[in-house]
Amino acid sequence: MTPCHQLARDLKAAIDARMLGKQVQSVGHKGRSLSYSDQPLPALIAYYNQIRQSCADAMSDPELIEVRPLDQPTTRRGRPARFTGRGYV
């Protein structure tokens with residue numbers, strides 16, 4: 001397992017823990033430790049997607065799926081507005 005693949009797995013675990021309401025304080029591997037408690041969730045998601053796309057091993061891992069940002073619109077707009085009456089020029 002390459003270091004970028006392990007980092008992507010650690011980031012995905014941190015995102016999952018934050019989404020479930022668990023507090024993630026640090027993740028360590030081979031003497032390295034990363035703290036995620038102060039990072040906002042959208043920044044973690046963006047960093048995870050960037051690491052995942054740049055690592056071939058992470059892209060081939062079926063457990064590491066793309067995580068979409070949380071502020072994506074989920075509804076559609078309604079029909080266009082219709083004005084009744086006389087328009088003033």
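**Core.** I looked up the largest nonpolar core first: of its 13 residues, Ala8, Leu11, Ile15 and Tyr48 touch the most other members. A nonpolar core here is a set of buried Ala, Val, Leu, Ile, Met, Phe, Trp, Tyr and Cys residues joined through side-chain atoms within 4.5 Å. Buried means under 20% relative accessible area and exposed over 50%, with partly exposed in between (1.4 Å probe, protein chains only). Helices α1 and α2 each supply at least two residues of this core, and α2 gives the most, with 5 residues.

**Ground rules.** This is a predicted model, where local features need pLDDT of at least 70, side-chain atom pairs count only at pLDDT 80 or more, and totals for chains, interfaces and linings use all residues. Residues are numbered from 1 along each chain as its sequence is written, and side-chain values use heavy atoms, with hydrogens and water left out.

**Ile15.** I then checked its partners: leaving aside residues up to four places away in sequence, Ile15 touches Leu41, Leu44, Ile45 and Tyr48 (contact: heavy atoms within 4.5 Å).

**Helix α2.** Helices are DSSP runs of H or I, at least four residues, numbered from the N terminus. I found Leu41, Leu44, Ile45, Tyr48, Asn49, Ile51 and Arg52 buried in α2. Down the axis of α2 they fall within an arc of 165 degrees, so they line one face of the helix; the arc is that of the directions from the helix axis to the C-beta atoms. Those buried residues pack against α1 and α3 (56–60). The face turned away from them carries the exposed Pro42, Gln50, Gln53 and Ser54.
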